Amino acid sequence: MAEIILQERVALKAPAILSAQNRPEGYMCVSCAWAKPAKTHPLEFCENGAKATAWEITSRRADRAFFDGHTLGELEAWPDHDLEERGRLTQPMRWDAATDKYVPVSWTKAFAEIGRELRALDPRQVDFYTSGRASLEASYMYQLFARMYGSNNMPDSSNMCHESSSVALPESIGASVGTAVLSDFQNTDCIFYIAQNVGTSSPRLLHDLQDAVDRGVKIVTFNLLRERGLERFVNPQRPAQMLTSKETRISREYYQVKNGGDIAALFGVCKALIEADDTLKASGQSRVAGKDGEPRDPENAAMIAFAASIAAADKKHVLDHDFIKEHTAGFEEFAQAARKHRWEELERLSGLSREQMTQAAATYARSDAVMMVYGMGLTQQLKGVENVHMVCNLALLRGNIGKPGANICAVRGHSNVQGQRTVGITEKPGLAPLDKLSELYGFEPPRWTGRSTVETCEAVVSGQSRAFISLGGNFLRAVPDTAAMEEGWGKLRLTVQIATKLNRSHVLHGEIAYLLPCLGRIEVDEQATGPQAVSIESSIAHFHASRGKTKPASTELLSEPAIVAGMAKATLGQSRVLWDAWVGNYGEIRDAIERTYPETFKDFNKRLFKPGGFSRPLPARERKWVTKSGKANFISPEKLFPEFPTSGDADVLHLATLRSNDQFNTTIYGYSDRYRGVEGTRKIVFMNPDDIVRLGFTEGENVDLTTAIDATNVRRVTAMRIVPYDIPKGCCGAYYPETNPLFPLAHHDPKSKTPSYKLLPVRLSRSSEVSP
Ligand SMILES: Nc1nc2c(c(=O)[nH]1)N[C@H]1C(S)=C(S)[C@@H](COP(=O)(O)OP(=O)(O)OC[C@H]3O[C@@H](n4cnc5c(=O)[nH]c(N)nc54)[C@H](O)[C@@H]3O)O[C@H]1N2
Ligand SMILES: Nc1nc2c(c(=O)[nH]1)N[C@H]1C(S)=C(S)[C@@H](COP(=O)(O)OP(=O)(O)OC[C@H]3O[C@@H](n4cnc5c(=O)[nH]c(N)nc54)[C@H](O)[C@@H]3O)O[C@H]1N2
Ligand SMILES: [Mo]
């Protein structure tokens, strides 16, 4: 952390700025979306939040002189790290074809040309992307602009992230987001921690985990890798721990599943529970008699021992039959499916033994209130939606939703990715209040289904998309199929990038290209009525205000709401929206949000500034199930594992893409992954030591990775250094975004369209290149 503060030359202002982070009167961290407590810790920020802050308030500038000195052709060869490292963008620019450089342009001219170009296009040919950092205010204005213009093409970063949750949770429990609140961590007995890397991705959540561990809460982890933050943790905010290096052991049980193996693993846990319940019923020990009395496998010693141990612990009900009866639908079918799956199959696909799955089930059954916390290892999968269904199924077996200390916690990524959806950023017309928008603003919103991220990619590749407007993010690097995308990108008529720092998606560009620099959230946002606050929604569905603290990086920056308003006015001409009044006073945007969503945002401006923010109503928290059946649904996945043409080919490994501790998505801070012991390079591949030998390689050797599915197209990344790692056999790991060229666009979950970034069949071959 100290290094990055020095590297970004912000040593003097950084400490003062950081002390305002995530506090009621301060600004909300620009890094992850973890909850901001009402009663804050002495320092409510983490190492990675500090890095993200230093990165944004850096004194470095990618200014006019910089762009004068470099053609875009030249910048194309720069690594991601070096592009962003140039610092903050300072003035609006337009690509000049004659010199191949970005040259300064006035805001007025930029908006006028963008408006003219958009008016000349069919709105179906235009895509409006949002990365998950934009505030509720900017996002609301942006979706309104897109819809008034006539487009529902609103791909966003959540299409690559928690979209599997957004599809699965409504089907299972009638909520579009997780149901957990912070106090659940104080009331829980046990946390199932699945496929999320807390130490790197959401370090402030470690406070909650450590406090829970101190109370004796059992943490049961399912992860492909042994992750440092999930094993043990020294809390920098507990001086005694720092001095004595006394660590908290986080996970009581640690199950290393194969990537993609969670459906099988969780089915195993459910099967153990259901069969133990059957056994108890058969032996007459259960108070609730079931019609399905016969245990499937009465001879099995492990299960009988498990059932007996549950009975001995005086938990006569392995399952919560009262809850199941009153609150759920589909239990019998699910239980039958669980009984039917064979242990050998579950073991093979999950990589866990029957004993391990039974042990996890025993811990689960002995706990009164269990939380389910999960992340990208579950959602970025071909069967991402089914993964989330399985998490819900397991929770429902013992009524672990809608009671204190239980609940589902989908750990979100970007700091406002959840909130953007809440205020209408969605390609699905059914999820937006179209009638309300029409009534409030007097226009007919498009009713057709827009493009999500992979569909936008397809449209860019095929040439159907003609213009790409980007509210933040680095689309080209974040999406799959890098080579095809880069080719399609250059054929776009118009690319407009609203950004804080230079990245690959700006260096490559359309025929007409604008780079529009905006204020970051940490900066003072001065408008007609004074400095403005914005708002965001955290992972636990709480809304918080955020006020910028530092002087803007340049006097020529505009805020995101001002840029959206500028484009909207130039494109739409006269409209009923008072764009200027909104930009002059963000309170008026919040009033408009409240008028659009009166229940969720009741008294928005009044409640927003309270410490701890305010919470969004979620019926599932009260066990009211807004599903078709009116109940919470058990949903059985049809298949335990995706089928590949390469299944059974021992030379093929299953690749999961990972984040290092020194990056925030496509922003690469540096080349150190301290927790995993990797220094100086990101071009590595983590392999099981036995696989290294079996495939005839050696540690430290360079290999090329080639996609093993989709023979129509060769996709390869070269010169990746082999790092032996504690990862199950048959699996391998490497960093994102370096490996995105390997992912075919079609390799996504058919239900949520989330790319399967955590499971791709690849082949490894000796590399002729030397890694840097
Ligand atoms: N420092 C930092 N913080 C971040 C980000 C960042 O890039 N850097 N990104 C932000 C964003 S947008 C997001 S979405 C979140 C992402 O945060 P996470 O949800 O933690 O996502 P990842 O780090 O990609 O990987 C998640 C974990 O899944 C495990 N895993 C992979 N495949 C499987 C599998 O099939 N099963 C199981 N059980 N485990 C598996 C990996 O070993 C890894 O520990 O973090 C946010 N916070
Ligand atoms: N292989 C693989 N691919 C993945 C993933 C994976 O795990 N594996 N994860 C996916 C996930 S979870 C996500 S969320 C996406 C991330 O995809 P994106 O959200 O598109 O990417 P980021 O890297 O977060 O975007 C970084 C850029 O945002 C801009 N920026 C930063 N702050 C601001 C701001 O305040 N305003 C504006 N306007 N711009 C700003 C900067 O210019 C910076 O270069 O990537 C996805 N891609
Ligand atoms: Mo994300």
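The side chains of Q497 and S470 are joined by a polar contact of 3.4 Å. Keep in mind that this is a predicted model.

Where does Q497 sit? It is found in strand β15, which covers residues 494-499. Is Q497 buried or exposed? Its relative accessibility is 1%, and buried means under 20%, so Q497 counts as buried. Once neighbours within four places in sequence are left aside, Q497 is in contact with S470, the partner already mentioned, and also with F468, W489, S505, H506, Y514, L515 and L516.

Now the ligand. How many residues surround ligand 2? There are 31, and the closest are E84, Y129, E560, T666 and N740. Sorted by class, that shell has eleven nonpolar, 14 polar and six charged residues. Domain 1 (62-160 + 426-610) and domain 3 (652-766) each supply at least three residues to the shell around ligand 2.

On to the polar atoms of ligand 2. An oxygen atom of the ligand is 2.6 Å from an N or O atom in the side chain of T666. A nitrogen atom of ligand 2 is 3.2 Å from an N or O atom in the side chain of T500. For G472 the backbone is involved: one of its polar backbone atoms is 3.4 Å from a nitrogen atom of ligand 2. As for cover, ligand 2 on its own has 930 Å² of accessible area, and the protein covers 97% of that.

That is what I have on these two sites.

Methods
Residues are numbered from 1 along each chain as its sequence is written. Chains are lettered from A and ligands numbered from 1 in the order in which they are written. This is a predicted model: local features need pLDDT of at least 70, side-chain atom pairs count only at pLDDT 80 or more; totals for chains, interfaces and linings use all residues. Side-chain values use heavy atoms; hydrogens and water are left out. A residue is near a molecule or strand if one of its heavy atoms lies within 4 Å of it. A polar contact is a pair of N or O atoms within 3.5 Å; within protein, one must be able to donate a hydrogen and the other to accept it, and residues adjacent in sequence count only if both atoms are side-chain atoms. Accessible areas come from the Shrake-Rupley method with a 1.4 Å probe; for residues, only the protein chains shown count as cover. Ala, Val, Leu, Ile, Met, Phe, Trp, Tyr, Cys and Pro count as nonpolar, Asp, Glu, Lys and Arg as charged, and the others, Gly among them, as polar. Domain bounds come from an automatic or database domain assignment. Helices (H or I, at least four residues) and strands (E, at least two) are DSSP runs, numbered from the N terminus. Buried means under 20% relative accessible area, exposed over 50%, partly exposed in between (1.4 Å probe, protein chains only). Contact means heavy atoms within 4.5 Å.
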